[in-house]
Amino acid sequence: MNRRPLLSFTICWIAGSAAGCLFSGRSLLIYLAGLLLLPAIWAVSGGIRWRTAAVFGLAIAAAGLYWEWGEARNVSLLPKVLGQQISELNEAYITAAGVIASPVQRDGDRVDFTMKLSRIGLDRQGGQEAETAANVETGANVDTKEKSAVVVEAGTEAESEIGGSAEADAETGVGADATGAEEEAKGELVAVQIKLQEESEIAVAALWQRGDRVVIEGELAQPQIARNFGGFDYQAYLLTKKTHWLLKGAGTASVTAKPPASWQLSGILRWNDRMRATLGAEMERLFQEPHAGYMKGLVIGIQEDLDPETFKQFSQLGLTHILAISGMHVAVYVGVILFLLRRCRFTRETALTVTLLLVPAYVLLSGAGPSVVRAGLMSMIALFAARLGILKDGMNILAASALMMLVWNPYLLLSVSFQLSFLVTAGLMVYTPLAAPLFRHLPNWLGSTLSVTFIAQLVSFPLTIYYFNQFSLLSFAANLLLVPFITFLVLPLGTLALLLGRFWNTAALLTVQLAELLNNATFEAVEWVNGFTAGVLIWASPSLLWICLYYGLLYGLLYAMKRRTESMLVPQYMEDETRPLEELELPGNSRGKAGNTSSSKAAPAAAASSRRAVLAFQAFPQPDATRWSSLAAVQFAAGLTLLLYRGYNAGDLNGAGAISYLDVGQGDSILITTPGGAHILVDGGGTVSFGKKEAWRIRRSPFEVGAKTLLPLLKQRGIHRLDAVILTHGDQDHAGGLQAVLEGMPVSALLFNGSLADTEPYTKLMTTALAAGVRLYPVQQGMALAPDEATQLNFLWPEPPAKGQHFPDEVENQNHESVVFRLEMNGRSFLFTGDMDQAAEEAILQSAQQAGIQSGKPTDILKVAHHGSKTATSADWLTFWNPAAAVISAGVNNLYGHPNGDVLARLEDANTEVYRTDQQGEIQLMVGKEAIIMRHKLNMKDTE
């Protein structure tokens, strides 16, 4: 570290930035003061000079304050400009003028781009028209109210914006219908979402480009925050893009777009977008699907058209880095250019200069993601150093690249791509030399390939499980075999086909056929390997401390193994076993031939050489070194194994149970973890759609609550297997999300109400369960389930089938047949009711009366039936169960008006405290033997 001051400076800068990210105000100052002690301690110990320590301390302080300064500036100006509170601006109708500041992307019936504002005004007329239409219209499309966590890439900001002159206002038409405040918006970024109304509008939206001046009329909305613990926070994500608002427009009629009046610096980005679109269209012409989307991602870095199923298969094996332009692509690009220039007789200096100038063009053309920017910067620095004849050091080059990127945009520190790119590159530089001796018996090419792949997997492992919560044990083999195959065969063929397509179509098509054959082999291999589902392990997201300990123990283990290997390669002479110099067999000398003249002349030199050898042997007491390095290796291996074990089994509740009422919108999903560690999922939510969409409206990866919300939450919490899934009934808002759960996680048993629903999703769900070997159990009144000694589920409904009744049978009214059960856990009671109706309530109460039970044991928590609908939760029901608290699972601003006001009034009359997922997000209960501790996501309030 002391020999690489730039690396040390960059590490200090990253530490300061991390402190600024994690803390603020007084806490930030305290942590910065703690960090500043580290270089001071280093200087006191004599490791560095005080001047150097001061520079490192300055880097820490400057980075932390720089982040804090950026945070202070990263606020929305719209409330101040429009004179409204944030809550008042949410869902307000506005007219905004500005410039398109990102590539324009279309997915099905939605067009996304980022807009850099110049002027904005409240459109009260538009708001009144929308309100009138809402009152008149009886049917509503759920998608217009959807608040899904769809990631909108902001892209690169435009270099200029529209001025606020009267001429510009007249040309764009801002203010024609606006009656509210209208002032300069000072370049604030807004994420625009345009919902296309007709298929013919696709051609209109295709004309929009980065740099166009636009006027948009639409609804202003705040991005969705995380509503579940550990869930994706869309608002926080957009904050890293310096974007605070969504602007939603209806159809292309809400957008007026004109190209820029004159050339501007942003025209380079505009040209780059057109070039990428042209290359993508050429790929689509040459390749069939799914090859076209795959090759666009592989060769050009356009991942928007990649088949979701293909991406899922590659992701499960840790192969998604192949689909992103990164250091591998840049290295091939630079190598090919240098080779061609040298073949054209260019001098070394000229070839390096030309290549240096061409690297930025490739970075832009490939999308300028963090990984390719990192690789491009490193290549440019290395080429520049080689041009000047300066000694190059990989770690210093990497540090310089990271420092430049973080100074340009500190929020890159939070980018998964940035973290993986730099961490894996640094890990290869640090750990590969340590691992190389382990493969010394193999041929150089094979040993090098194995060590690089091995280290890349080990280094990327913590971030992989932190962000994606799964790791395939077959990932190493898949990367070892497929990465070279794709890099050296498929990628060159795809690039060659793209180049030939413009002037030799026949040769291009032949190349395409060969590439598609190789792609098919790749897809089949990936699918075959993914068939071994036992190799995919689910991990909870580890802590920062766990990640740091992992890298430290890994370094210690590899270092100890390297020292052991090196000590074993040195001749094993101990100090007390050293033979006299005259008895050593010297080169060119035969023992017992003292009269040899040449040997006599060489004796002094040979004796000196032997003395040096003996001293070397004495300096390295080999048996001790081997023994101590072996012992250290065992200790580090044991520590690493224990760390991995604790990381994999991170859900110990110390004898308590847990119940999580997840926020899945307008639906139900409840996760129960028993004191014995069993996991039971009650329902899975589901995305409800009305009618069949036209083909052009279907998005490549539409929001589905099971795949986008529920399954990631289960994995993030380290649930390796669900011991039971209870499907209360077959309605889509309870059963829909379970499809993704059954496909993405092992499930032991599925308990359902014994009836079938005549819908395609329900049939698919049951077919998937049977194919996966899930045991199916129809439950009925009187049954019980005891996962452990402290937990029991008593099923109260549905009633047993009548004699001679066909079982199971299709039932249209699934609500009445909802599974109802009472959970006893650690001496506490909880009632789960699905979507039961009042008739089922009355039947349960009547059965209790017939059994001589006049009133049920007081219930701690009641899950209110049917999202608080007026069809259930009668006064008699509340009197019988006497719940202390109730939880209502309902969607924000749902179309049904849930929960019903009469139900809320009855709960209030029963002195029952009410918690609602639409207001408080996920509601968690920690169920101990002495108390129930409750917290909810949106305000993190803990109550007992």
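1. Helix axes here are lines fitted to C-alpha atoms over the stretch in contact, and angles run from 0 to 180 degrees between N-to-C directions. The model is predicted. On that basis, helix α11 (residues 291-300) packs with helix α20 (residues 505-530) at an angle of about 90°, and the two axes are 11 Å apart. Angles of 65 to 115 degrees count as roughly perpendicular, and α11 and α20 are therefore roughly perpendicular to each other.

2. The residues that meet across this helix pair can be listed. From α11 they are His-291, Tyr-294 and Met-295. From α20 they are Glu-516, Asn-519, Asn-520, Thr-522 and Phe-523.

3. Aromatic pairs come next. The search of the whole structure gives 30 of them. One of these is Phe-113 with Trp-208: the ring centres are 6.1 Å apart and the planes stand at 75°, so the pair is edge-to-face. Phe-113 belongs to strand β3 (residues 110-122), whereas Trp-208 lies in the loop between α8 (201-205) and β6 (213-221). The two residues are 95 residues apart, and their pairing links distant parts of the chain.

4. Both members of that pair are away from the surface by the accessibility values. Phe-113 has a relative accessibility of 1% and counts as buried. Trp-208, with a relative accessible area of 7%, is buried too. The cut-off for buried is under 20%.

5. Tyr-466 and Tyr-467 also form an edge-to-face pair, with 4.9 Å centre to centre and 85° between the planes. Here the accessibility values are 35% for Tyr-466, which counts as partly exposed, and 29% for Tyr-467, which likewise counts as partly exposed.

6. Ring pairs also build a cluster. Its members are Phe-461, Phe-471, Trp-539, Trp-546, Tyr-550, Tyr-551 and Tyr-648. A reader checking the aromatic residues in the model may want to display this group together.

7. A charged side chain is placed against a ring as well. Arg-935 lies over the face of Phe-229, at 3.9 Å from the ring centre.

8. On cysteines, the count of disulfides is zero. A disulfide is a covalent bond between the sulfur atoms of two cysteines. The cut-off applied to the sulfur atoms is 2.5 Å. For two of the cysteines, accessibility can be stated: Cys-21, at 30% relative accessibility, counts as partly exposed, while Cys-344, at 52%, counts as exposed. The cut-off for exposed is over 50%.

Methods:
Residues are numbered from 1 along each chain as its sequence is written. This is a predicted model: local features need pLDDT of at least 70, side-chain atom pairs count only at pLDDT 80 or more; totals for chains, interfaces and linings use all residues. Side-chain values use heavy atoms; hydrogens and water are left out. Rings of Phe, Tyr and Trp (its six-membered ring) pair if their centres lie within 6.5 Å; planes under 30 degrees apart count as stacked, over 60 as edge-to-face and the rest as tilted. Helices (H or I, at least four residues) and strands (E, at least two) are DSSP runs, numbered from the N terminus. Buried means under 20% relative accessible area, exposed over 50%, partly exposed in between (1.4 Å probe, protein chains only). A charge sits over a ring if NZ of Lys or CZ of Arg is within 6 Å of the ring centre and within 35 degrees of the ring normal. Angles under 35 degrees count as roughly parallel, over 145 as roughly antiparallel, 65 to 115 as roughly perpendicular and the rest as oblique. Contact means heavy atoms within 4.5 Å.
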